[in-house]
Amino acid sequence: MTEAYFALATFATVGYGDIAARSQTGRVLAMLQMTGGLLLVGVAARVLTGAIQAGMRQQHRDRPPG
């Protein structure tokens, strides 16, 4: 469990800092929070990418042929 905690902390780029979870329960809660943060960033990136793609498709359709 300890290895997974530090791997996720590294992957989520939250660092180790001065305050770190010491107990197993604390590490599990911190891992859930880090995972939630990564999911939130991923969903936001997906929504932004979809909006950009939709805008580019709409712009392409509105362009006169020629």
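By a nonpolar core I mean a set of buried Ala, Val, Leu, Ile, Met, Phe, Trp, Tyr and Cys residues joined through side-chain atoms within 4.5 Å, where buried means under 20% relative accessible area and exposed means over 50%, with partly exposed in between, using a 1.4 Å probe and protein chains only. Please keep in mind that this is a predicted model, in which local features need pLDDT of at least 70 and side-chain atom pairs count only at pLDDT 80 or more, while totals for chains, interfaces and linings use all residues. Residues are numbered from 1 along each chain as its sequence is written, and side-chain values use heavy atoms, with hydrogens and water left out.

The largest nonpolar core has eight residues, namely Tyr5, Leu8, Ala9, Ala12, Ala21, Ala30, Met31 and Met34, and the elements giving two or more residues to this core are α1 and α2; helices here are DSSP runs of H or I, at least four residues, numbered from the N terminus.

In helix α1, residues 2–11, the buried residues are Tyr5, Leu8 and Ala9. They lie on the same side of α1 because they cover an arc of only 100 degrees around the axis, the arc being that of the directions from the helix axis to the C-beta atoms. On the other side, Glu3 and Phe11 are exposed.

Finally, Arg27 sits in helix α2, residues 24–62, and its side chain reaches the backbone oxygen of Ala21 at 3.3 Å.

Technical notes: Polar contact = N/O pair within 3.5 Å; in protein donor to acceptor, adjacent residues only side chain to side chain.
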